[in-house]
Amino acid sequence: MDVDHSSGFSGCWQGVDISGAGVFAAVLVVCTMIMYPVAMGTTSWAHSDEVDMGLFKYCDVRCQQYVDNRFPPTGQDDLNLVTRTEACAAFLGIAIILTFFSLLHIIFGLGRTGYDRTVANAARCVFISALCGILATIIFSTLVDKLPSDFSVGRAFNVNIAAWVLGLVASLLLTIDSRNISYVDPREAVQQGGRQMMYVSVSKFSPFFLIHMYLPSLYFHMSPVTLSGLSLLTSSHFLSISNQLMDSLPIRWPHLEGLSM
């Protein structure tokens with residue numbers, strides 16, 4: 001659908017009709033946009049009594065960066081800490097970017113006539129960002145499982161989970177909102193309805209429709225010879241009308257094309 005942008009920025013918010021689902025989804029996306037960076041930058045993804053672990057560093061006596069083959073607080077050398085934490089951070093970075101793009105789509109498309117695809121794209125972006133958050137959760141969970149039993153997941157880990165759960169809900173609400181009738185241009189709807197009515201009207205004048213509707217009642221009042229002649233005449237006459245209408249209109253009826261007496 002072509003959208004007229006000739007009014008410029010002054011007409012950006014004209015014709016806005018935002019549904020409750022759209023408003024709620026927008027609020028959830030904003031919350032998700034805040035929660036991902038908070039989770040990403042906090043050193044409380046996992047913790048014990050003396051150690052706090054984040055995605056970029058861990059803190060015991062002092063904070064320091066991870067080394068892949070060595071984790072001094074536990075003495076383990078098989079955790080692949082750098083690889084796992086960087087993978088989590090990468091997925092969260094992608095989630096933040098996609099959530100930002102989703103928010104932009106919402107700002108410029110939510111409730112505006114003809115922008116249903118923009119809102120649908122917002123739903124796709126926030127859904128993919130939620131998938132990235134899920135992957136980060138899975139990767140870090142496997143890391144925590146290899147730590148000693150006194151380690152457990154922390155607040156930042158839970159914030160990440162809350163973020164992608166809200167993202168999934170927002171994607172569902174945006175998908176529902178994108179199918180709202182408020183996004184349909186009334187002029188386009190009238191044009192489509194008019195084409196459909198013309199199709200139905202002309203179809204009713206097709207010879208097959210007339211024969212099917214009226215010949216059974218005529219059968220009991222006419223002789224076979226008269227009935228055959230009238231059927232042939234009626235079919236030829238209305239087939240000619242149908243062909244003329246087909247040639248004069250930009251709409252095609254495949255079931256009528258190519259018919260001749």
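This is a predicted model: local features need pLDDT of at least 70, side-chain atom pairs count only at pLDDT 80 or more; totals for chains, interfaces and linings use all residues.
**Entry 1: the sheet**

I began with the strands, and found an open sheet of 5 strands with antiparallel pairing, in the order β4-β3-β2-β1-β5.

Which strands stand at the edges? I looked, and they are β4 (63-65) and β5 (152-153). Each has a single partner strand, so one side of each is left without a neighbour in the sheet.

Then I picked out one pairing to follow up. Strand β1 (residues 46-47) and strand β2 (residues 52-53) run antiparallel, and 2 bridges join them. I wanted to know what Ala 46 pairs with in β2, and its bridge partner there is Met 53.

**Entry 2: α2 against α3**

On to the helices. Helix α2 (residues 81-109) crosses α3 at roughly 160 degrees, and their axes come within 8 Å. That makes α2 roughly antiparallel to α3, because an angle over 145 degrees counts as such. I also noted the hand of this crossing, which is left-handed.

What sort of residues make up the contact of α2 with α3? I sorted them by class and got 21 nonpolar, 10 polar and 2 charged.

**Entry 3: α3 against α4**

Next I followed α3 to its contact with α4. Helix α3 covers residues 116-146 and helix α4 covers residues 155-178; they pack at an angle of about 155 degrees, with their axes 8 Å apart. So α3 is roughly antiparallel to α4. Here α3 passes α4 in a left-handed crossing. The residues of this contact divide into 15 nonpolar, 8 polar and 2 charged.

I left confidence for last. The protein chain has a mean pLDDT of 75, and 64% of its residues reach 70 or more.

Which element has the highest mean pLDDT, and which the lowest? Among the elements of the chain, α4 has the highest, at 94, while helix α6 (residues 207-218) has the lowest, at 48.

I then looked up where pLDDT stays under 50. One such stretch is residues 5-14, for which the model has 5 contacts beyond four places in sequence. Another is residues 196-215, where pLDDT also stays under 50 and the model has 28 contacts beyond four places in sequence. I'm marking both stretches in my notes, along with α6 and its mean pLDDT of 48.

Technical notes. Residues are numbered from 1 along each chain as its sequence is written. Side-chain values use heavy atoms; hydrogens and water are left out. Axes are lines fitted to C-alpha atoms, for helices over the stretch in contact, and angles run from 0 to 180 degrees between N-to-C directions. Helices (H or I, at least four residues) and strands (E, at least two) are DSSP runs, numbered from the N terminus. Angles under 35 degrees count as roughly parallel, over 145 as roughly antiparallel, 65 to 115 as roughly perpendicular and the rest as oblique. A crossing is left-handed if the near helix is turned anticlockwise from the far one by less than a right angle, and right-handed if clockwise. Ala, Val, Leu, Ile, Met, Phe, Trp, Tyr, Cys and Pro count as nonpolar, Asp, Glu, Lys and Arg as charged, and the others, Gly among them, as polar. pLDDT is the predictor's confidence in each residue, from 0 to 100. Contact means heavy atoms within 4.5 Å. Two strands pair if DSSP finds at least two bridges between them.
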